[in-house]
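Here's a quick briefing to read with the model open beside you.

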Amino acid sequence: MSQYCILIHYHELALKKDNKSWFEKIFQKNVRQHLGSLPFKNINTYASRVFIYGIDDKKWDLYKNKLKNVMGLKNATLMQKIDADLEKIKLIAKELINNIKFDSFRITTKRQDKSFKFTSHEINQIIGTEVQAISKKSVSLKNPSLNLIIEIVRGQAFTGYDKVEGYGGLPNGTCETAISLLSSGIDSPVASFQILKRGVKIIYAHFHSAPATNKQSIDNCKQITEVLSKFQPNSTLYIYPILNLQKIIMDKINDKFWMIMFRRAMIKLSCMLADEHKAKALITGENIGQVSSQTLSNIHAISSSSNLPILRPLAGHTKEEIINLANEIGTYEYSIAPHQDCCSFFLPLHPELKADMIQIERMESKINFDNIYEEIILKREVYKT
């Protein structure tokens with residue numbers, strides 16, 4: 001008698017050596033957290049695979065939607081588990097194809113258990129012949145409408161066909177913490193997602209100019225954080241009111257430097273937040289040359305205000321590539337919702353394109369920012385998902 005289970009292949013964890021078990025434990029914990037209230041009895045890890053037992057196979061679509069967002073997951077397949085016996089595998093294969101509509105097929109076997117007397121190639125041939133005789137369908141190795149998957153692991157055979165692909169990478173929480181400067185635009189949510197794939201725990205920081213601007217950017221960022229929480233449950237967003245700071249900058253600094261000075265202040269506040277959480281880096285959605293503040297000279301001028309490394313995963317991406325990723329992860333519809341950005345709202349007609357660091361530091365010395373930063377931090381809002 002067969003038993004339903006889910007078989008997971010992880011991604012880069014397979015390349016780890018001495019600390020592989022540590023990564024596996026965190027990955028398994030994350031799988032449990034993502035499954036939430038979905039039924040399962042236990043999760044086991046062996047032979048570089050993760051197995052979820054005691055599931056409800058009728059809720060497979062729900063499991064798929066949860067598991068595909070677990071960072072580090074390469075793929076997950078609904079399987080039927082039996083003893084590794086060729087005749088039993090034939091019976092399961094027959095049962096499966098009788099319930100599926102398909103035009104062509106292939107058999108894909110992985111034999112982890114080398115004591116099983118048939119090789120992967122032999123199993124493919126034997127089961128393929130059986131399936132073809134029953135279904136009268138053709139074999140297609142490159143583009144089959146049905147890929148019947150068989151894995152022989154420790155004296156057991158796992159057979160299934162419905163596989164969901166994950167995003168790969170490393171399990172969330174296996175690296176350290178970073179602060180992501182999250183606007184309500186398209187780029188920074190995608191940048192955050194790219195770093196989440198590297199196992200980094202992210203805390204989000206959003207800056208707004210209300211009441212000079214409307215509060216839509218705040219609402220959009222909360223929704224974006226909710227979406228990103230599919231990949232990192234229990235996320236935190238810090239929301240900073242910086243209008244008074246901007247007014248002081250606009251009063252004392254030449255208008256063509258406003259954008260650079262705004263960004264430097266945001267970096268400073270983000271570094272202070274990083275100190276609170278022992279974060280080791282900042283993340284931005286900057287893309288070289290996309291806007292005036294993202295020329296190489298201006299990026300250098302803005303970066304110099306940070307005492308932490310700044311990660312820019314989208315620096316070399318095209319806008320089309322970024323939009324495609326935003327659509328894929330589900331942030332795009334919130335990023336294009338109408339809002340007023342705290343920086344572009346005050347964008348001068350002729351912003352500086354090649355900032356000089358000596359000039360920037362001289363202008364910045366005219367303002368005592370410390371008290372302003374303290375006031376902003378006291379007024380910030382904390383939003384948790």
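Two strands pair if DSSP finds at least two bridges between them. Helices (H or I, at least four residues) and strands (E, at least two) are DSSP runs, numbered from the N terminus. This is a predicted model, where local features need pLDDT of at least 70, side-chain atom pairs count only at pLDDT 80 or more, and totals for chains, interfaces and linings use all residues. Residues are numbered from 1 along each chain as its sequence is written, and side-chain values use heavy atoms, with hydrogens and water left out.

**Overall build**
- The protein has 13 helices and 14 strands.
- Along the principal axes, its C-alpha atoms fill a box of roughly 80 × 35 × 35 Å.
- Of the 385 residues, 52% count as buried (buried means under 20% relative accessible area, exposed over 50%, partly exposed in between, with a 1.4 Å probe and protein chains only).
- Take the contacts (heavy atoms within 4.5 Å) between residues at least 6 apart in sequence: 79% of them join residues at least 24 apart.

**The eight-stranded sheet**
- An open sheet of 8 strands runs in the order β2-β3-β1-β4-β8-β7-β5-β6, and its pairing is mixed.
- The edges belong to β2 (42–46) and β6 (138–139); each has a single partner strand, so one side of each is left without a neighbour in the sheet.
- Helix α1 (residues 20–35) packs on this sheet, touching β1 (3–10), β2, β3 (49–53) and β4, and its direction makes about 155 degrees with that of β2 (axes are lines fitted to C-alpha atoms, for helices over the stretch in contact, and angles run from 0 to 180 degrees between N-to-C directions).
- Helix α4 (residues 120–135) lies across β5 (104–111), β6 and β7 (146–153), at about 150 degrees to β5.
- In β1, 6 of the 8 residues are buried, so this strand is largely enclosed by the rest of the structure.
- β1 pairs with β4 in the antiparallel sense over 8 bridges, with H9 bridged to N75 in β4.
- β1 also runs antiparallel to β3, joined by 4 bridges, and here I8 has V50 as its bridge partner.
- β4 (residues 73–83) and β8 (residues 156–165) are an antiparallel pair over 8 bridges, and Q80 stands opposite T159 in β8.

**Helices worth a look**
- The axes of α8 (residues 258–277) and α12 (residues 357–364) come within 12 Å and cross at roughly 70 degrees.
- That makes α8 roughly perpendicular to α12 (angles under 35 degrees count as roughly parallel, over 145 as roughly antiparallel, 65 to 115 as roughly perpendicular and the rest as oblique).
- I260, M261 and R264 of α8 make this contact with M357, I360 and E364 of α12.
- Helix α6 (residues 216–228) has 13 residues and buries several of them, including I218, C221, I224 and L228.
- The buried residues of α6 pack against α5 (187–196), β10 (201–208), β11 (236–241), α10 (319–329), α11 (332–335) and β14 (381–384).

- You'll find K163 in strand β8, partly exposed with a relative accessible area of 35%.
- Leaving aside neighbours within four places in sequence, K163 is in contact with N75, A76, T77 and I149.
- K163 and I248 are 85 residues apart in sequence and 56 Å apart in space, C-alpha to C-alpha.

Methods: The expected span of a helix is 1.5 Å times one less than its number of residues.
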